[in-house]
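Q: I am new to this structure and would like to go through it step by step. Could we begin once it is displayed?

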Amino acid sequence: MEELRFDDPDAFRTGPPYEVLARLRREHGVMWQPPSPRTPSGFWVVLRHRDIVRVSRSPAEFAAGEGTLLYDLPPAPLRRGALDMLSGQLGFRDPPDHTRLRQLLAPAFLPGAVRALEERVREVARSLVARVAERPSFDLVADVALPLPVQVVLGTVMGMEPEMESRVASLMLRAQAAEDPRLNPEGPLGAIEALDEVYRMGVECIRERRAAPTGDLLSTLLGSRSADGSAVDDRTVLWLWFALLAGAFETVAGSVAAGALAFLEHPAQRRRLEEDPELLPGAMDELLRWGAPVLYFRRTAVRDTEVGGQPIRAGQKVLLCYPSANRDPEVFADAERFDVGRTPNAHLTFGYGPHFCLGARLAELQLRCAFQELLPLLGRLEVAGPVERVRSSWLNRLSSLPVRRTDA
Ligand code: HEM
């Protein structure tokens, strides 16, 4: 079992090792990773689909409030400034706080609100693809996959000016890809500094919007009231603002990039989709299943319990490995096949239960618009150099996908 350490970013340098995961899922289902210098407590990894569903739907037994990544949060009294912003965000909360916060943010992501964004999302996707379409070569990550959610979520949804949009995006990329020396050359301190700067920008933005609301999401949140009628304070709004930054663009970028690579590697599936555009929504589910952009989120056992027959003790960390669940043959027929016509498709890429991704519909919209624009172009492209990945034990995202035109 020592062959795959979930706290070693180099273990995932060529992507999730699906064959190893399949064997571990079969043989162990729930696997113990003993203490290591990186994770002195040791931790469990849940590999089966049904067990991940069981943990995700049981917040009273498996809490998010101790953090959803492997690292430990400092004790509550020490969480100030950027640390308060990080640990207060929606994903790191349990009921009843979680429920209250989610209710504040949810209206912005209801189906009608997302539909209203469709034209803008399409426009962004179209202009990004048009810009690269005639070039002999380009990078699908830097030129399309990353700028799309940055412009849609940070720009359109969060109302940032282009200069702030790109500054915040580069800081968040540094913080989230903290283990990758190319993206975050200064190591853990660099990631903390990046978060500090994001914090200061968030505080400043909130101060400005309080003084002069603009009608954007931040202004709406500042004017909203909790279910009990109380006004929402600046600290709460900062938590919500940061939840969007943390969840919204690395993930979409990762899915667009993984999807583009999947279509380049499976041209018959791309042609099938071009011939039958009605398959598009289901095909996007298949892209999400195939290339889940995060390797795990974590929970912490609140009391002694069990998962899939494996006893788990109170206080132990439990990692939910989504890429493994997405290839579980108990749920997916021919799970190792990329199939744009797959139905049903109960992938767990957006999680499950009370923390189910709030931005799932917006993510799907971005994927649909991106691939409607990209599909005709992908048929004229080939991979032109090494496909690089973010060095991370958490993110499952390409950092570079160089392509060139085959008809240039
Ligand atoms: C392909 C793109 C995306 C993927 C794969 C993804 C994945 C996830 C997952 C797995 C969770 C659950 C975390 C957990 O259980 O601990 C989550 C939560 C969340 N996501 Fe996404 N996400 C994506 C896009 C987005 C977008 C576009 C937004 C917002 C604009 C967003 C906002 C959020 C928020 C706010 C949460 C926290 C929900 C809660 O804790 O109640 N996500 N996401």
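The conversation below goes from the overall fold to the ligand, the core and some backbone details.

Q: To start, what kind of model is this?
A: It is a predicted model.

Q: How many helices and strands does the protein chain have?
A: The protein chain has 17 helices and 12 strands. Its radius of gyration is 21 Å, close to the 22 Å given by the globule rule for 408 residues, so the chain is as compact as a globular protein of that length.

Q: What box do the C-alpha atoms fill?
A: Along the principal axes, the C-alpha atoms of the protein chain fill a box of roughly 60 × 60 × 40 Å.

Q: And what share of the residues is buried?
A: Buried residues account for 45% of the 408 residues in the protein chain.

Q: Turning to the ligand, which residues come nearest?
A: There are 25 residues around the ligand, and Gly-247, Thr-251, Gly-351, Cys-357 and Gly-359 come nearest. Two or more residues of this shell are given by each of α12 (234-248), α13 (250-265) and α17 (360-378).

Q: Which element gives the most to that shell?
A: That is α12, with four residues.

Q: How do the shell residues divide by type?
A: The shell around the ligand has 15 nonpolar residues, nine polar and one charged.

Q: Now the largest nonpolar core: which residues touch the most other members?
A: Val-46 and Ala-257 do, in a core of 123 residues. Helix α12 gives the most to this core, with 11 residues.

Q: What is Ala-257 in contact with, leaving aside its neighbours within four places in sequence?
A: Ala-257 is then in contact with Leu-140, Val-141, Ala-145, Arg-397, Leu-398 and Leu-401.

Q: Which residues are buried in helix α2?
A: In α2, residues 49-56, the buried ones are His-49, Asp-51, Ile-52, Val-55 and Ser-56. Seen down the axis of α2, the buried residues fall within an arc of 165°, so they line one face of the helix.

Q: Changing topic, where is the peptide bond with omega near 5°?
A: That bond runs from Pro-95 to Pro-96 and is cis. Pro-96 is in the loop between α3 (81-88) and α4 (97-105). The bond from Thr-343 to Pro-344 is also cis, with omega near -5°, and Pro-344 is in the loop between α16 (322-325) and α17.

Q: What is phi of Asp-334?
A: Phi of Asp-334 is near 50°, a positive value in a residue other than glycine. Most residues other than glycine have a negative phi.

Q: Is Asp-334 buried or exposed?
A: Asp-334 is exposed, because 9 other C-beta atoms lie within 10 Å, and exposed residues have 12 or fewer. Asp-334 is found in the loop between α16 and α17.

Note on methods: Residues numbered from 1 in each chain as written. Predicted model: local features only at pLDDT ≥ 70, side-chain atom pairs only at ≥ 80, totals over all residues. Near = placed C-beta within 6 Å. Nonpolar A, V, L, I, M, F, W, Y, C, P; charged D, E, K, R; others polar. Core = buried A, V, L, I, M, F, W, Y, C linked by C-beta atoms within 7 Å. Buried ≥ 20, exposed ≤ 12 C-beta atoms within 10 Å, placed from the backbone. Contact = placed C-beta atoms within 7 Å. Rg over C-alpha atoms; globule rule 2.2 N^0.38 Å. Arc of directions from axis to C-beta.
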